[in-house]
Amino acid sequence: VGFSLTCLTAEASLPLPVRFSAAGYGSTDYSVGRADVMLPLKGSTACRNIYINPAVAYGTDSLGYADLGIGYRVIKNSSAIVGGYLFGGYSEIANNARLWIINPGLEALGARWDAHLNGYHVMGDRNKTVSSYSTFNSFGGHSAFYNQFGLNQHAGDGADAIFGYQPIRGSSIKTYVGSYFFIPAQ
């Protein structure tokens, strides 16, 4: 079960309309919601836009994120939007690990095609000890030996690329293909 809402509002003091987007998804044992707002700071509908974009998400498993981004978009040849952005955010992931992440990206949006390239860089501590324990193993002479075990969680840098294409001109259907590259933390 899910819902999605996107709307644009016209504000006389802003150069372009504000975009608000929200979505929620749920099942019998899990639900998540997310929202973001694109606030234009400077620009015109004719050629360019500088914007800020706060975004949040939270799930019933107590995982979520809060991001704040700034971006720039330019309309090229009245047929495509080309832009770049930089997000900084705070994420809480599995095992109560908390991360600060910086996310630069590039995008190109056309009537029939889209392309996005994003990078992810973890700031600060990338490693978290989730649990550690020891078990008695054996005696040897006058000594006792124990096995030490530890479960660690690591967050690393990465990047993704997503490409979209509208196979049927004039339809609202776009197909997407993408890939993710991940560099494990050391």
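This is a guided tour of a predicted model, going from the whole chain to single residues.

Before selecting anything, note that residues are numbered from 1 along each chain as its sequence is written. Because the model is predicted, local features need pLDDT of at least 70 and side-chain atom pairs count only at pLDDT 80 or more, while totals for chains, interfaces and linings use all residues, and side-chain values use heavy atoms, with hydrogens and water left out.

**The whole chain**

Colour the protein chain by pLDDT, the predictor's confidence in each residue, from 0 to 100. The average for the protein chain is 81, and 75% of the residues score at least 70. Confidence is lowest in strand β1 (residues 2-9), with a mean of 58, and highest in strand β11 (residues 157-165), at 93. Where pLDDT is low, the predicted coordinates should not be read in detail.

Switch to a cartoon view, and the protein chain shows twelve strands and zero helices; here helices (H or I, at least four residues) and strands (E, at least two) are DSSP runs, numbered from the N terminus. Of the 186 residues of the protein chain, 26% count as buried, where buried means under 20% relative accessible area, exposed over 50% and partly exposed in between (1.4 Å probe, protein chains only).

**Strands β2 and β3**

Select β2 (18-26) and β3 (31-44), which pair in the antiparallel sense over eight bridges; two strands pair if DSSP finds at least two bridges between them. A hairpin through four residues joins β2 to β3, and within this pairing Gly 24 has Gly 33 of β3 as its bridge partner.

Next, pick Val 18 in strand β2, which counts as buried because its relative accessibility is 11%. The C-alpha atoms of Val 18 and Tyr 51 are separated by 9.6 Å, although these residues are 33 residues apart along the chain. Move on to Pro 40 in strand β3, which is buried at 3% relative accessibility; its C-alpha atom is separated by 8.9 Å from that of Arg 19, 21 residues apart along the chain.

**The loop between β4 and β5**

Select Ser 62, which is found in the loop between β4 and β5. Phi of Ser 62 is near 65°, a positive value in a residue other than glycine. Most residues other than glycine have a negative phi. Ser 62 is partly exposed, since its relative accessible area is 36%.

Go to Ser 91 in strand β6 (residues 80-93), which counts as buried because its relative accessibility is 13%. Leaving aside neighbours within four places in sequence, Ser 91 is in contact (heavy atoms within 4.5 Å) with Gly 64, Tyr 65, Ala 97, Arg 98, Leu 99 and Ile 101.

Finally, display the largest pocket, with a volume of about 890 Å³. On a 1 Å grid over the protein atoms alone, a pocket is an open set of points where a 1.4 Å probe fits, with protein on both sides within 12 Å along at least five of seven lines, and lining residues have an atom within 4 Å of a point. Of the 31 residues that line this pocket, select Tyr 65, Asp 67, Phe 87, Asn 103 and Asn 118, the closest to its centre. Strand β6 gives the largest share of the lining, seven residues, and among the other strands that each supply at least two are β7 (97-110) and β8 (113-123).

Definitions and conventions: Points joined across faces, edges and corners; volume = space filled by probe spheres on them.
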